[in-house]
Amino acid sequence: MVSPLLILAAGLGAAFLLGLLRQTSERAAFYVTIAALGFMGFIALSWTVGLALGDALPVMITTAGTAPPFAINLFMGGMEAALISVVTLTGLLSAFYMRKDLLRLGRRVMAVLLVLIMALSGLIMTRDLFNLFVFIELIVIASAGLILLSRDTRALGAGFKYLVVSQVISILLLVGVIFTYHANGSLNIDDIPARPMVFTGASLAIFLVLIALVLELKPFPANGWALDIYESAHPGFSAIFSAASGTAAAFAAFKLFDVAGPAWLPLATGIGIVTFVGANLLALAQSHDRRLLGYSSVGQIGLVLMVIGQADILGATLPYVAGGILISHAVAKSGLFWLSGLVKGRELSDWAALRDNPVLIVAFATFIAMLTGLPPFPAFYAKWALVHALMANGAFALTAAFLIAALIEAAVLFRWFGMAIKRESRRAVVVNLTYEAVVLLAMGTSFVLSWIWGAASGQENLITLVPLLFALLFLPLDIFPAKAKNLLAIAGLVVWFALSFHGLDPIRLVFLIIMVLGGALLLLASFHAEGRRMGFYTPAMLMFAGMALLITSETSFQFFAAWEFLTVGSYFLILRGHDSEPHALSYIVFSLGGAFALLAGFALASGGKFTFFVSELSEIAPQVAPYVFVLLAIGFLTKTAVMGLHIWLPGAHAEAETDVSPMVSGILLKAGLFGLFILLLEMGHQTLYGIDLTVVLVWLGALSAFVGAVLAAFQEDAKRLLAYSSISQMGYAVFGLALMNHLGWLLALMFAINHFVYKSMLFLAVGGVKERTHTKLMYKMGGLITLMPYTFVSVLVGIIAMSGVPPLSGFGGRWIFYNAIMSTDLRLPMILVFMSGPVGFLYLFRLIHSIFLGQPKDELRMVKEAPFWIVAPQMLFVAFLIAFAALPGMILRRVDGYIGQIFGDQPLTWSGRIVDSQFGTWNPVAIWGVIAVVFITILLLLIWMNHNAQRVKQFNIVFSAERPFKPQTTHFAWNFFAPYRKAMGFLEAPIATGFWTGVSNALHGTAEFTRKFYTGNGQTYAVQLLLFVVAVYLIVLGSMGGAS
Amino acid sequence: MSSFPNFAWGQVPLALLTLFIVINYGMIMTALVRKIGARVGGRYGIPIWQNYIDLLKNIALRSKISHGVMYYLAPVFRLTGGVGLLLFVPTIYGSDWHQNFSYAGDLILALYFVFFGTLGMALGAGESGHPHSAIGVSRGLSQVTMAELPLALGVYAISLQYQTLDITQIVAAQQGSIFNWTLFTNPLATIAAMFAFVGTMMRSPFDVVIAPQEIPIGPPTEYHSSYLALMQTNRVLFPVAKTVIYMNLFFGGATNWAEFAIKVFVLYMLTAVIGVVHPRFRVEQSIRFFLKWGLPVGVLAILTV
C-alpha cells in the first residue's frame, strides 16, 4: 500500500511543479494536474478496496517523527479512504469537465484546484485540531479562487461574500481551538474525549469548534453566503463545492462530534433536521436550477449532520447510514451539476433540452432517484436503516420531520423532472462529449455504489434482482422497434409468472395473475404503438417488476422495496401522457407520502430489527400495534385512492396514454388492495382510543364508494369518469375487506378481479375512441355505435358487468355483498353503499350514451373502428366476463376455500355450479338460461313482426314537427345529469382538493416568506451567521442547564 | 340433467301459464285503474279492453322504422326485464305450479334484475337520437338513484329480520295471521319500501321521467308499431311483477290467484290514488323528498330491526 501521505504530497507537489512550467504550456500543466489527481484518486481507491477486503489495516501516520500531540498525525481508515476517494475522483472528473476553462485561465487555477483537493483530503485525514483549521483556511482560499473560474459576473460578488463569512467562521474556529488548547492542554482530536469538556466549564471551547464546523456545512438559515456560489460558479466547480467540499466538511464535523461526547449530539440533530427541513422548503420556491441544487445540497448535508447526531442510537451502522446518504448526495449532486453544464438556460424548464439526448434523461432520472432515496440506490438502504433506528428509539417527531422534508425534497426534484419531460425546450442541448462522458461515469458509479450498499445491507441486494435487471435491460434495447420490445416484455412477464407462481396461496395467486398475466394481456394493446416508443418499456417493466416482487415478498424490506419500484415505474409511465405533468407530480408526491407511511409503519412494527417478516405483523406488541396499523393503512389507502387521499387519481389515470391507463387503473390499484389484504390478514381488528380501526376502514370504503360514484357522474371527460369510478370501486373493495368476515373478503377479491377486467376493458375502449376522435370530452362525440361497433360491445358488456345487473359477473359481486352484510353488526355504512349502487348507473349510462348513442357529429362521420391491437384485448376481456359470469366457481371456489381456512368458517356451499349461502342462492347457469331463452324468444318475435322495418337516416325523428337543426344542439350530452347536480351537487365541493391545495400553498408561502432573509448582502449574511451562533449557543446552554 | 339440477321441462309450460295470467290480469287491471282515474276526474274513461285494442293496433301498424341495433333491441331488453323478473320470483306461495324459475336466485337477483330492462330501454332510446329520450333517461336515472334507496334499506332490514334472502322463506314466515305480515312485524321497513314503490311506479308525483307536457312520453318517444307493442306489454306486466315482490316481502304474499289479484290491485291503487291527488315533482324535488322522508325511515328501519 502506498502511504496516504502521498495524497497530500502529490497534490502539493504537483501544484508547485505547475509553477515551474512555462506560462504557455497550459496543456502540459493540465496533464500534470490530471495525473496528480488521478494518482491521488488511485491511492485513495486502493486504500478503500484494501481496507474493505481486509488486505490492509487502518493506519495512523505520524509526521515529523514525533508522536502526537507534539506533532500532527493523520489517520487513514475505511471511512477516510472512501471519502477521500469521493473527493479526489470528483476533483478528477471535474478537472476533465472544466478542461476548457482551466486551459483558458492557465496553470495558476490548476494549482489552486490541486490545493483544494489536497486540503479537502487533508481535512478528512487529520487528527489535529489546528491542522484542521489550517486545511479549512486553505479550502476557503482555494474555493474563493476557483469561484472566479466562472464567466458569470455575479461569481465575483458571490466569492467575496463567501470569503467574508468564511473568515468569520474561521475566527470562531480559531477562538474555539485556542480555548480548547487552554482547557485541554492538547490540540489532538483524540485527546478531547479524555476530558469531557462539557463538565469542565469549558463547554464554550468545544461549542465554538463544533459550531464553526457546523457552519462550514452551511446550516439553514445561516447559509445565504454560500448559496450564491452554487448559482454563479462554474458547474464543474459547483460539483466539487457541493460533493467534495460538502463531504469533507461533513466528515470533519463527524470527527469532532464523535469525540465531543453524546452530550453534544442533540446539537447536530437539531441543526441538521432544521437545515434539512428548511433547505428543502426553500428549494420549493426556486426556479433557478443551480440555486435549487444548492439548497438541495445544503439539505442533504444537513441530513448527514442529523444522522451524525444519531451516533448513539445508530452505533456501528452510522458509517453505513451516513455514508449512504453522503455518497448518494455526492454522486448525484455532482452529476446534476455536471449535467447543468449541458443545459443552456438556467430556468428549471430549460432542462427540457435534455430530451434531445435520451441517455441524459436516463442520467437525470438516475440522479434524482438517487437523491430521493429510491431503490436500489445507497440512500434507500440508508433511509431504511435510519428510520428503523429512529423509530426503535422512539424518535417519532424526528422521523416525521425527516420524512416530511424528504417528501418535500422529492416533490421539488420530481417537479423539475416533470418539467424536463413535458415542457418545450427553447434552446438545444449543448453537445460536449467530455461533459457527457463525465455525467455517464457518475451514473455508472451510482449503480456500482448501489451494488456495494446492497451487498453490505444484510438484506436482499436489490440491484441483482432479476425483474429489476429485466426492466433495466430495456434501456439499451430502446433503440429497437417497439413491437419487438413488446414481444420481449410479454414473454418476460409470462416467464416470470411461470417461475414464481408455485407455492403461493390462492389470494396471492389471484393477485399475481392480475398483475403479471394481466399485465402481459394489457401489453397486447401496446402492439399498436409505432416506432421505437423510447422510455416506455423500462418504467412499465419496472412497475410490473415491483408488483411481481410485491406479491412474492416475505420480509418488510422486500415488500417496501417492491412498493417503491412499482411507484417509481408507474410515475414515469404516467408522466408520458400528453398533459400529465401536474398529475404525475401529484401522483408521485402522494405515493411517496404513502410509501413513507409504510416505511414508518414497518420500522415501528419491527422494533428496529432490519429483517422483519411480513407475517410477524401478527405478533407485534399490542401497545404499538394500532399505530402500525394506522401507518400501514394510510400507505395502502393512498394507493387505493380512498376519499381524502384520492385527488391524485383522476388526473393521473385520465391523462395517461391509452394503454397506460388500464395498467395503472386496472392493475396498479390492486397493489394497495393487496397491501390491505396482508395488513388485515396479519393484524385483524385493532383498537385505538376505543375505536375499532376496521370500522373506520369500513366507513372510508363506503364513503369512497359513494362520493367516487357521484363525482364520476358529473364528469364530462370519459377517462376522468372512469378514474372516479375506480375510486368508487376500490371503495367497495376496501369496504368488503374491512368487514372482516369471510364473504366480505370474497367480495373484495371478486371486486379485484372484476375491476381489473372491466376497468381495463373500458379504459382501452375509451382510449381507442380517443385515438380516433382526438378528444376525451364525451359531449363532443355521439352516435359512434355504427362506426366503432366492437368498442361499443366492449363498453356495453363492461357497463352491464360493472353495474351489477344480472347476468354478468358484477351481479355475483352484489350477491356476495348482500350475504356479507348479513353477517356483520355494522349497519349505518351500508346506507352509503346502497346509495352508491344506483349512482353507478348514472355514470355508466352517460359513458355509453354520450359516446356511442345519440346524434353523430359531422366532424366524426369518417371515424374508423379503434385499432386492432386496442380492440383485441377488449374482446378477450368480454369473453372472460361472460365465462366468469356463468362459471364463477372456476376462480372463486379455491379462494373461497382458502379464506375459509383463515376465518374458520365456510358460509358458501358450492354444489355443481350453484352457490348457496346461509341466506340465499346464486345459480348463475340458471340465470343465464332464463335470460337468454326469454331474450331470444322475444327477439325472434320482434323480428317476425318487424323484419321489414326501414332503417332511417339521422334526424328522422319526431321533433316538434320540425327537423332538428344540427347534431350539436340535438345530442343531449353536456351536463347530462343536470337534475341530479341540482339535488346532489353539493357533494362536488372540492374539500379534499381544497385541503391539499392549502397545504401546498402554506408550504410555498412559508418558502417565499423565508426567502426574504436571503437579501444578497454579504454583511447581512455575516450578521445573520453570528446571530445564529448566539441563538444556538443560548439554546444549547439552556438545554444543558436544564439537563444538569 | 346433472348440470341443471333443478330444471325440468315441465316448468316451461307452467311458467308460460303464469306469464299468460299475469299479462292478462295486468291488461285489465291497468285499464281499470285508468278508468277509475278518469271517473275521479269527471270523465267517462276508456273501455276496459282498451289495452288489447292498443296492442293489436300497434302490431298492425304498417310503417316501421329502425334507428339501429340498440334501438331495435331495447323493447326486447325491456320485455325480457319484465318477464324475467316475473319468472325469477315465486308468484303464488305454496303452489307447485307457480314457483317459476325462482331457484335461479334469491331476492338480490330480483332487486338487480329490475334494472335490466331499464338499462336496455335507456340504451335503445339513446340510439334513437331524440333529445327528449335522453332527457327522460337522465331524469329517470337521477330520480331512481334516490327512489330505490329506501327499498334497499327496507329489504336489508327485513332480510336481517328473517335472516334470509330467500323470497319463499320470507313469505312463509308471514303466513298464519295477517299480523305476521311484515307490514305489522316491521312497519318501518314497510313504510320505507313503500316510498320506493310509489317513487318508481311512474305515476305522479314521480312521473317527470315521461313528463307528457314537456318531453312527450320521455324515453319511448321514438317507439312505435311492434316495438311499442312489446313495451306496452311490458308496461302492464312489469308493474305487476314488481308489485309481486312487494307483496311477497311485506304483505304476506299470495296463496292463490284471487288473493294475488286483490293484493296487487290494492297496492297498485295506492300509487294511483297518490298520483291522482298530487302534482308532479321536479327531479331534484323528488330526490330531496326521498332524502328527507324515505332515507330517515329506512335508516330507522335498519337500526331498529
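## A helix in chain B

Let's start with helix α8 of chain B, residues 187-200: its 14 residues reach 20 Å from first C-alpha to last, close to the 20 Å expected at 1.5 Å a residue. (Helices here are DSSP runs of H or I with at least four residues, strands are E runs of at least two, and both are numbered from the N terminus; the expected span is 1.5 Å times one less than the number of residues.) This is a predicted model, where local features need pLDDT of at least 70 and side-chain atom pairs count only at pLDDT 80 or more, while totals for chains, interfaces and linings use all residues. Residues are numbered from 1 along each chain as its sequence is written, and chains are lettered from A and ligands numbered from 1 in the order in which they are written.

α8(B) is mostly covered, with 12 of its 14 residues buried. Buried means that 20 or more other C-beta atoms, placed from the backbone, lie within 10 Å of the residue's own; 12 or fewer makes it exposed, and in between it is partly exposed. Among the buried ones are B:L188, B:M194, B:F195 and B:F197. What do they pack against? The buried residues of α8(B) meet α5 (131-162), α7 (182-185), α9 (225-250), α10 (257-277) and α11 (283-304) of chain B. After the helix comes B:M202, with a positive phi near 60°.

## How chain A is divided

Chain A splits into domain 1 (1-127), domain 2 (128-460 + 1023-1039) and domain 3 (465-935); these bounds come from an automatic or database domain assignment. Domains 1 and 2 of chain A have C-alpha centres 21 Å apart. Their contact takes 31 residues from domain 1 and 41 residues from domain 2, where contact means C-beta atoms, placed from the backbone, within 7 Å. On the domain 1 side, α3 (78-97), α4 (99-105) and α5 (107-125) of chain A each give two or more residues, and α3(A) has the largest share, 11 residues.

UniProt, in an unreviewed entry, places "domain: NADH:quinone oxidoreductase/Mrp antiporter transmembrane" at residues 127-408 and 557-834 of chain A. Its positions are given in the numbering used here, feature names are shortened, and annotations may be inferred rather than shown by experiment. The span 557-834 is 72% helix and 1% strand, and its end C-alpha atoms lie 40 Å apart.

## A helix and a sheet in chain A

Helix α30 of chain A (residues 742-773) has 32 residues and should span 46 Å at 1.5 Å a residue; its end C-alpha atoms are 45 Å apart, which agrees. Since 31 of those 32 residues are buried, α30(A) is largely enclosed by the rest of the structure. A:H774 follows it, with a positive phi near 60°.

Chain A also has an open sheet of three strands in the order β5-β6-β7, paired antiparallel. Strands count as paired if DSSP finds at least two bridges between them. The edges are β5 (909-911) and β7 (921-922) of chain A, each pairing on one side only. Three bridges link β5(A) to β6(A), residues 914-916, and A:W910 has A:V915 as its bridge partner.

## Where the chains meet

Here 71 residues of chain B are in contact with 65 residues of chain A. α5(B) gives the most to the chain B side, 17 residues. Strand β8 of chain A (residues 950-951) runs parallel to β1(B), joined by two bridges, with A:R951 opposite B:S66.

Key
Two residues are in contact if their C-beta atoms, placed from the backbone, lie within 7 Å.
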